[in-house]
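Hi,

Here is the structure I promised to pass on.

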Amino acid sequence: RRRVTAATFDGRGMTRDGTEVELVANVADPAAAEAAAAAGARGVGLFRTEFCFLGRGEEPSIEEQVTAYRAVLSHFPDRRVVVRTLDAGADKPLRFLTPEHEDNPALGVRGLRTAVAHPDVLDRQLDAIAQAAAAESAEVWVMAPMVATVDEARDFAAACAAHGLEQSGVMIETPAAALQARHLLAEVSFASLGTNDLTQYTMAADRDLAGVAALSTPWQPAVLELVRVACEGGAMHGAPVGVCGEAAADPLLAPVLVGLGVTSLSMTPRALADVASTLAGVSRDECAELARTVLECSTAQAARDAVRERLLT
Ligand code: PEP
Ligand code: MG
């Protein structure tokens, strides 16, 4: 079995029998992009743009945004970078965008929902992304956070197209989006599963609350079933469906996700080598078999144990 280490990771993910799985990085700002490129990542599956501007009282100017986005893109010449529009709210409030008093900010005006009250902010961000994309060689895809309806996806795609950004996609991080994937992907060209929020909203368990941590795992059968449905929806359109939540960084779960139909895994750069190693040890058929196995399990523990037994013994 091919062992991949941080030193030997060459940016490629492949099953034992040669099926390519895109392994890319999650980044938050230019410094993280530099570190990701240094770690061997050949692209970015999630650029969390809101992290460039946390703590700011005012909206960054278009020029300032262009500078920040170009700095990230510059580390990935000719590579794909998926730029997520501001995911403000809940655990990541932005003072210029997030409503001040909401009883349930995780269920409130966050992510793409802020574009209803502030379409101008989204417009200026897309302008900045388009300018950055024109100035750098990276292939820019644009993605909306916290999408729940087909109308949102359609409006977002139209806004992106108005700025000449042709590759637009949505995050699938609400159960509604997972269940509607086949309709969403008629409107946009790709999707990425945000398993952190998808788990939170599926299990109705705050992702940051220790008291519900046992519920908050993407191994939960209900979450894996939604991943399956989302991938099926993407496959109907031949559209890529990735994972950019923490689940992608779990070496035991990665082959399961591939078996469920996930086409790319985006993660913290330090997880890349371990995930590449696990994938190198399994065939495409074994991934499909692992997926069938977890879908038969009725508990998160049983699913994890079943995969561990197959992969580690
Ligand atoms: C997610 O929800 O899984 C995700 C990738 O987005 P974030 O963690 O930034 O909410
Ligand atoms: Mg999220």
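**What I found**

Ala-204 sits in the loop that joins α8 and α9 (helices, H or I with at least four residues, and strands, E with at least two, are DSSP runs numbered from the N terminus). Its phi is positive, about 50°, although Ala-204 is not a glycine. Ala-204 is exposed, because 8 other C-beta atoms lie within 10 Å. On that scale a residue is buried with 20 or more other C-beta atoms within 10 Å of its own, exposed with 12 or fewer, and partly exposed in between, with C-beta atoms placed from the backbone.

Before you go further: this is a predicted model, where local features need pLDDT of at least 70 and side-chain atom pairs count only at pLDDT 80 or more, while totals for chains, interfaces and linings use all residues. Residues are numbered from 1 along each chain as its sequence is written, and chains are lettered from A and ligands numbered from 1 in the order in which they are written.

**Around the ligand**

Which residues surround ligand 1? They are Leu-46, Arg-48, Asp-87, Glu-173, Gly-194, Thr-195, Asn-196, Asp-197, Cys-244 and Gly-245, where being near means a C-beta atom, placed from the backbone, within 6 Å of the molecule. By type, the shell has two nonpolar, four polar and four charged residues. Here Ala, Val, Leu, Ile, Met, Phe, Trp, Tyr, Cys and Pro count as nonpolar, Asp, Glu, Lys and Arg as charged, and the others, Gly among them, as polar. β2 (44-48) and α8 (195-203) each bring at least two residues to the shell, and α8 gives the most, with three.

**Annotated positions**

An unreviewed UniProt entry has a "binding site" annotation that covers Glu-173 and Asp-197. These two span 25 residues in sequence, yet no two of their C-alpha atoms are more than 5.2 Å apart, so they gather at one spot. UniProt (unreviewed entry) also places the feature "binding site" at Arg-48, Arg-84, Asn-196, Asp-197 and Arg-207. Do keep in mind that UniProt positions are given in the numbering used here, feature names are shortened, and annotations may be inferred rather than shown by experiment.

Taking some of these one at a time:

- Glu-173 is in the loop between β5 (168-172) and α6 (175-179). Glu-173 counts as buried because it has 28 C-beta neighbours inside 10 Å. Not counting residues up to four places away in sequence, Glu-173 touches Met-146, Gly-194, Asp-197 and Leu-198; contact means C-beta atoms, placed from the backbone, within 7 Å.
- Asp-197 belongs to helix α8 and is buried too, with 24 C-beta neighbours inside 10 Å. Leaving aside neighbours within four places in sequence, Asp-197 is in contact with Glu-173 and Arg-207.
- Asn-196 lies in helix α8 as well. Asn-196 is partly exposed, with 18 other C-beta atoms within 10 Å, and its contacts beyond four places in sequence are Arg-207, Gly-245 and Glu-246.
- Arg-207 is in the loop between α8 and α9, and counts as partly exposed with 19 C-beta neighbours inside 10 Å. Not counting residues up to four places away in sequence, Arg-207 touches Asn-196, Asp-197, Thr-199, Gln-200 and Ser-216.

Met-146, which Glu-173 touches, has a positive phi as well, near 55°, in a residue other than glycine. Met-146 is in the loop between β4 (139-144) and α5 (150-162) and counts as buried, with 24 C-beta neighbours inside 10 Å.

**One more helix**

Helix α13 (residues 300-312) has 13 residues and should span 18 Å at 1.5 Å a residue; its end C-alpha atoms are 18 Å apart, which agrees. The expected span is 1.5 Å times one less than the number of residues. Its buried residues are Ala-300, Ala-303 and Val-307. They cover an arc of only 70° around the axis, which puts them on the same side of α13; the arc is that of the directions from the helix axis to the C-beta atoms. The cover over the buried residues of α13 includes α9 (221-236), α10 (253-260) and α12 (284-296). Turned away from the buried side, the other face of α13 carries the exposed residues Gln-301, Arg-308, Glu-309 and Leu-312.

Cheers

Key:
Contact = placed C-beta atoms within 7 Å.
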